[in-house]
Every structure is written in C-alpha cells, then in structure tokens.
Amino acid sequence: ASSSSPKMVKAIRVHELGGPEVLKWEDVDIGEPNEGQIRVRNKAIGLNFIDVYFRKGVYKASSFPFTPGMEAVGVVTAVGPGLTGRQVGDLVAYAGQPMGSYAEEQILPANKVVPVPSSVDPVVAASVLLKGMTAQFLLRRCFKVEPGHTILVHAAAGGVGSLLCQWANVLGATVIGTVSTKEKAAQAKEDGCHHVILYTEEDFVARVNELTSGNGVEVVYDSVGKDTFQGSLECLKLRGYMVSFGQSSGTPDPVPLSALAPKSLFLTRPTLMQYVVTRDELLEAAGEVFANIASGVLKVRVNHTYPLSEAAQAHADIESRKTSGSVVLVP
Ligand code: NDP
C-alpha cells in the first residue's frame, strides 16, 4: 500500500472547542504509515484529564479538527516502508504526543511506542502508562521521595493520585492525601495514604499543620491548581518543594516570587513530555512502571470503562469529579 491509499476508521473528532458534546464520533481517513511510522489497532485507550484541557482549549491543539487522546495499547497492523524492529502483530503501548488515541486505529511514530510485557494485561497497560510514568517522574526525579519524608498528594483517589499514593508509600514516605468524598477516602486509605483529608469539608491547611505538628510537608504534589495552590504553599516546611503539575480546578493565579521567600520554597511546573524526551528515558520510565505492576507494587484501579463512541460521557464524568482511579475507553 502506498501512503496515499485511504484507510477509514471510526474516531472521535473535535471541530470546535467546548463541552463534552463537541466530541463527535466520525469516519476518518488515517492513511497508511510513512517512513518511521506504524499503524496500531487500539484495544484500549486511557482517558486523561489532559484530554479535557485540549477539548476546552486550556491547552492549544495545533490544528482542527483533531482527534484527542494520549494513551493507548494496541496491535500493530501495518509498518512504514523500510521499518525494522516492529512487526505486524506486536502489542505496543504509547503515552504522550502525538495526540490521536481516541480512534479504532491510529498512525504513530515507531519510536514513541513501547512493547507491553506479557505479564501485564493490555487494558491495565492502557490505563497506566501515562499516569504511571507521571508518578514515576514526580516521585523519583522531579523531587526524590525518601523514607521519612511526609508528602501531600491532592486528588489522591484520581488516576495519577492513586498511583502516587501507592508508590510513595512503598518508598517509605508518610502520605497525606486529599479527596472530595468518603468513598474516595476509603480508596486512598487502601492505596497507602496514612492520612486522608476531605478537602471539601475540612480546611486542609489546618489539618496538615495538625498532622505534622506544625512542621509542614517536604513536598506537595498539586494537580488541582486554582483551588489548592495557595493552601499548598502554606502546607510546606522550610525549603519545601511545590510541584504544581496540573489544574483540574482551573489555572492557578500568578505567583509572585516573593511568595516563596518566607520559607525559601522551591516551585516547579513539570510535564511528563520533558521527562521522557529520549528513547532511553521513555524505556526506563515505562519499564519501571510495568515492573511495579508485575511485582504488585502498583495496583491499577480500572474503575470505569466506556465504549469509545461514548467518550463524551466519560469526559462529563471525570470533569464532574464522579470518577476515581483510571478511566478506559474501548473501541
Ligand atoms: P483524575 O482522575 O485525578 O481526575 C481529576 C480529579 O481532580 C477529580 O477526580 C477530583 O478529585 C479532582 N478535582 C478537584 N477539583 C476539581 C474540579 N474543580 N473539577 C474536576 N476535578 C477536580 O485525573 P488524571 O489522573 O487524569 O490527572 C490528574 C491531574 O494530573 C490532572 O490535573 C492532570 O492534568 C495532571 N497530569 C499532569 C501531568 C503532567 O505531566 N504534568 C501528566 C498527567 C496528569 P476529588 O473529587 O477527590 O477532588
């Protein structure tokens, strides 16, 4: 087949920014893979909060219409001319750029996919690669969590939050988590949160202060953003690390440098993409995630599964805080 021959698949497309209703189920021509590319038939697609940001325009898509989605597992159905190292039939996973996983099949750069070990279920792999590599870089590289540290994880029952709590617990930290409901609190406890705060009912700053005898925590992993950012700074101990890695509640207000001075705080705003730049970084991060699943260190909670054609419902549910753990779309 040449790169000009059509290949029609069903996919979700966004023609204009907006609410979940702008996610349209359409026929799309994805064509054949060019040099360096493969085509993958997706078995399971991971939903991530970042998909909501692109749909709403919090992050900007490079062109319209676009197919959202940054995480999937599937089987290789075609390889580009001259490509070696990948074969039709290989089971592969991918996480990150380029967007386009909300589709029955998609074209991907061959160097962006990783093999899925036979010990890991494909649906689990699709629901954990992006979130797990995020937990990996946050806990092991952005700030290094060590035994004896006390850490604060917001949205502790979410997709990334569940993995952060489990992994930080195994690293020997005392884990404080925030959640919005009692059900989510029970899940966070099971995931190794030593203390869970219902931040919808309690003042989390006062509670962290109490739990740490006024000392504060070494690091805050804050993906909630607008609603928690200021309080998170107040929870930090002297020379603590503020890791602001998302904005589920909205973009935080600008922070004057002077806000960091009273406690000589560190502030970083990391993204996974800058932590898996090289092929080696990608293989190492993915390898560590899959090894932790195989050994039972990480338990992946696939709490919600939707048909891909109903992605709009999945978006509505994650945005209204109805979901916990990982959300998967099945073509
Ligand atoms: P989650 O499953 O964590 O869903 C978001 C959660 O945020 C909700 O369940 C809810 O938990 C909490 N939340 C608090 N306030 C709001 C609000 N106003 N609206 C909606 N949710 C709210 O999603 P993901 O695991 O996919 O992602 C978690 C976060 O991590 C996101 O902000 C995402 O952008 C970020 N992220 C960043 C990456 C990076 O590289 N920087 C990579 C991956 C994820 P509760 O009900 O308990 O409050």
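In this predicted model, a polar side-chain atom of Ser 180 sits 2.5 Å from an oxygen atom of the ligand. For Arg 321, the distance from a side-chain N or O atom to an oxygen atom of the ligand is 2.7 Å. On its own, the ligand has 910 Å² of accessible area, and the protein covers 93% of it.

The shell around the ligand holds 28 residues. Those that come nearest are Ser 180, Lys 184, Tyr 199, Leu 272 and Arg 321. By class, the shell divides into 12 nonpolar, 12 polar and four charged residues. Four helices each supply at least two residues of this shell: H1, H2 (122-142), H3 (159-170) and H8.

Two of these helices, H1 and H8, also pack against each other. H1 spans residues 49-56 and H8 spans residues 311-319. Their axes lie 10 Å apart, at an angle of about 105°. Angles of 65 to 115 degrees count as roughly perpendicular, so H1 is roughly perpendicular to H8. On the H1 side, the contact is made by Phe 49, Asp 51, Val 52, Arg 55 and Lys 56. H8 contributes His 315, Ile 318 and Glu 319. The residues of this contact comprise three nonpolar, one polar and four charged.

From H2, the contact draws on Val 124, Ala 125, Val 128, Leu 129, Gly 132, Met 133, Gln 136, Arg 140 and Arg 141. These meet Glu 281, Leu 282, Ala 285, Ala 286, Glu 288, Val 289, Phe 290 and Ile 293 in H7. The contact of H2 with H7 divides into 11 nonpolar, two polar and four charged residues.

Backbone geometry was examined next. A cis peptide bond joins Phe 64 to Pro 65, with omega of about -10°. Pro 65 belongs to the loop between H1 and strand E4 (71-79). A cis peptide bond also joins Gln 97 and Pro 98, where omega is about -5°. Pro 98 is found in the loop between strand E5 (91-95) and strand E6 (105-109). Arg 239 is not a glycine, yet its phi is positive, at about 60°. Arg 239 is placed in strand E12, which covers residues 236-244.

Methods:
Residues numbered from 1 in each chain as written. Predicted model: local features only at pLDDT ≥ 70, side-chain atom pairs only at ≥ 80, totals over all residues. Heavy atoms only, no water. Axes fitted to C-alpha atoms, helices over the stretch in contact; angles between N-to-C directions. Parallel < 35°, antiparallel > 145°, perpendicular 65-115°, else oblique. Contact = heavy atoms within 4.5 Å. Nonpolar A, V, L, I, M, F, W, Y, C, P; charged D, E, K, R; others polar. Near = heavy atom within 4 Å. Polar contact = N/O pair within 3.5 Å; in protein donor to acceptor, adjacent residues only side chain to side chain. Areas by Shrake-Rupley, 256 points an atom, 1.4 Å probe, with all protein chains shown as cover.
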